[in-house]
Every structure is written in structure tokens, then in C-alpha cells.
Amino acid sequence: EVLESLILNYKQITDAKYGAILTTLTAKATHPNRYQETTVGNLFCDIMKEHYGLDLVLIGSGSLRKELLGPVVTKGGLLDMYSYDEKMISMKLTGKEIKNAMLHMFREAAADADGGHSEYYQISEGFHFTYDKEKNELIEATLYGQEIEDDALFRTGIEGFHTDNMEKFLALDPDLVQSRGEWKIITNNIRTSVEEYMKVHTHLCPALFGRTRKV
């Protein structure tokens with residue numbers, strides 16, 4: 001009886017903790033396919049961009065583990081969606097590096113006919129990239145409607161795992177990026193950062209904006 005009481009008490013505490021409501025979205029956020037822009041991906045990237053004052057945030061689609069979030073977002077629901085205790089690292093990337101990284105992403109995804117072996121990225125607001133499958137090139141690379149200049153520098157946030165594998169996943173030279181001296185951990189837990197933001201922001205609006213498109 002004592003053990004059963006302890007188990008029941010633990011369950012009640014756990015249910016109360018993970019059932020705690022963080023925020024309410026204006027609609028369900030969805031993540032139906034890891035090889036496309038999704039409203040969950042946009043939501044996460046935009047939150048991290050605003051929270052840390054970044055120019056660009058990249059989050060690996062595979063990091064988002066469920067197809068639906070909200071409209072009532074609980075602590076447990078957020079944990080189910082992003083289950084990792086993952087850090088985010090900020091760094092300065094040039095416009096040319098960002099365009100090359102996006103082109104690499106599109107090409108790898110296009111070549112991965114079976115799916116599941118290449119990386120695809122959700123990106124934050126303002127950026128738009130369009131990939132022409134037949135030409136095998138980017139036909140759009142803009143920020144707020146303006147062409148991205150090759151030598152412009154952008155403070156970019158990338159997950160730790162993807163930073164560790166940036167050469168493979170994003171065709172980025174880690175030594176060159178680190179040599180700019182702008183490489184630092186901005187949070188040790190992305191989910192906790194998203195949770196903190198959601199607690200003080202209500203009626204977040206999940207939407208698609210054509211940030212990454214294939215034609």
C-alpha cells in the first residue's frame with residue numbers, strides 16, 4: 001500500500017508538471033514531412049531568432065519528432081515534439097556560405113530518393129530560397145525580398161549536433177567559420193528556451209511562408 005501510494009503520488013506530480021499549459025496557438029502547428037517547410041519548424045525557428053536576436057536560425061527537420069503541436073501547448077507536448085536536451089551555437093556566416101549551404105541541402109535531399117538519409121532545415125523568417133530541380137540550382141535567395149549579398153555577414157544559430165557535422169550537412173568549413181571569432185553557445189537547451197518564450201507569448205500564429213521551395 002505504501003508503494004502504491006508513492007507511485008500514485010509520483011504520477012500525480014508528473015501529470016501536473018507535464019500537463020502544465022505553456023501557451024495557446026491560434027491553430028495547430030504541423031510537421032507532416034521532414035523534407036519541406038512546416039509550421040512547427042517556422043514556429044521554433046522564429047522563436048529562437050527573436051529570443052536571441054539572431055539574423056537566421058536553422059533547425060534540423062529530423063529534430064522535430066511529432067506531426068502536431070497545439071493549439072494548446074503543454075510542457076509534455078513540447079517535450080514530445082523536441083525531446084532532446086540540445087544546445088544552440090551562434091556563429092557568423094557569409095551570404096555566400098548560407099546560399100551554398102541551402103543549395104547543398106536541396107541537392108542532397110533531391111538525391112536521397114529513399115528519404116531519411118539526408119538533412120533538411122527549417123529556417124527563420126525573412127529568408128526565402130527556391131531550388132530549381134531541373135537546373136539543379138538556386139533561383140531565389142533573398143532576405144525580406146532583397147538578394148542576399150555574398151559578403152554580407154549574418155549571425156546564425158545552429159543546433160549543436162548540426163554544428164558538429166556542418167561540413168557534411170551544410171558544406172561549411174568549420175575552421176573558417178570559427179576563425180571569425182563569433183562562435184559561442186547561446187543556450188544549452190533549445191527546448192527550455194522555447195518553453196520560456198511560450199510562457200510569456202500567447203496566440204502565436206503557425207503559418208507557411210514559402211521559405212524553402214522546390215520547383
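# Reading a predicted fold, feature by feature

Tutor: Let's start with Thr187, which has its place in strand E12 (residues 184-187). Helices (H or I, at least four residues) and strands (E, at least two) are DSSP runs, numbered from the N terminus. This is a predicted model, in which local features need pLDDT of at least 70 and side-chain atom pairs count only at pLDDT 80 or more, while totals for chains, interfaces and linings use all residues. Residues are numbered from 1 along each chain as its sequence is written, and side-chain values use heavy atoms, with hydrogens and water left out.

Student: Is Thr187 buried or exposed?

Tutor: Buried means under 20% relative accessible area, exposed over 50%, and partly exposed in between (1.4 Å probe, protein chains only). Thr187 is buried, because its relative accessible area is 10%.

Student: Which residues is Thr187 in contact with, leaving aside its neighbours within four places in sequence?

Tutor: Contact means heavy atoms within 4.5 Å. By that rule Thr187 touches Met48, Tyr52, Lys87, Met88 and Ser193.

Student: How do I read the packing of helices H2 and H8?

Tutor: Two packed helices are described by the angle between their axes and the distance between the axes. Axes are lines fitted to C-alpha atoms, for helices over the stretch in contact, and angles run from 0 to 180 degrees between N-to-C directions. Here the axes of H2 (residues 39-52) and H8 (residues 190-199) come within 10 Å and cross at roughly 80°. That makes H2 roughly perpendicular to H8. (Angles under 35 degrees count as roughly parallel, over 145 as roughly antiparallel, 65 to 115 as roughly perpendicular and the rest as oblique.)

Student: Which residues of H2 and H8 meet?

Tutor: From H2, Leu43, Phe44, Ile47, Met48, Glu50, His51 and Tyr52 meet Ile190, Ser193, Val194, Glu196, Tyr197 and Met198 of H8.

Student: Now the sheet: in what order do its four strands run?

Tutor: Strands of a sheet pair through backbone hydrogen bonds, either parallel or antiparallel. Two strands count as paired if DSSP finds at least two bridges between them. In this open sheet the order is E10-E9-E8-E13, with mixed pairing. The edges are E10 (146-147) and E13 (212-214), each pairing on one side only.

Student: What does E8 pair with?

Tutor: Strand E8 (residues 127-132) pairs with E13 in the parallel sense over three bridges, and with E9 in the antiparallel sense over six bridges. Phe129 stands opposite Thr212 in E13, while Asp132 stands opposite Glu137 in E9. In the hairpin of E8 and E9, four residues lie between the strands, and Asn136 takes a positive phi near 60°. E8 is also mostly covered, with five of its six residues buried.

Student: How many aromatic pairs are there, and how do I read one?

Tutor: A pair of aromatic rings is described by the distance of the centres and the angle of the planes. Rings of Phe, Tyr and Trp (its six-membered ring) pair if their centres lie within 6.5 Å; planes under 30 degrees apart count as stacked, over 60 as edge-to-face and the rest as tilted. The structure holds eight such pairs. One of them joins Phe127 and Phe154 edge-to-face, 5.7 Å centre to centre with 70° between the planes. Phe127 belongs to E8 and Phe154 to E11 (residues 153-159), 27 residues apart. Phe127 is buried at 0% relative accessible area, and Phe154 is buried at 9%.
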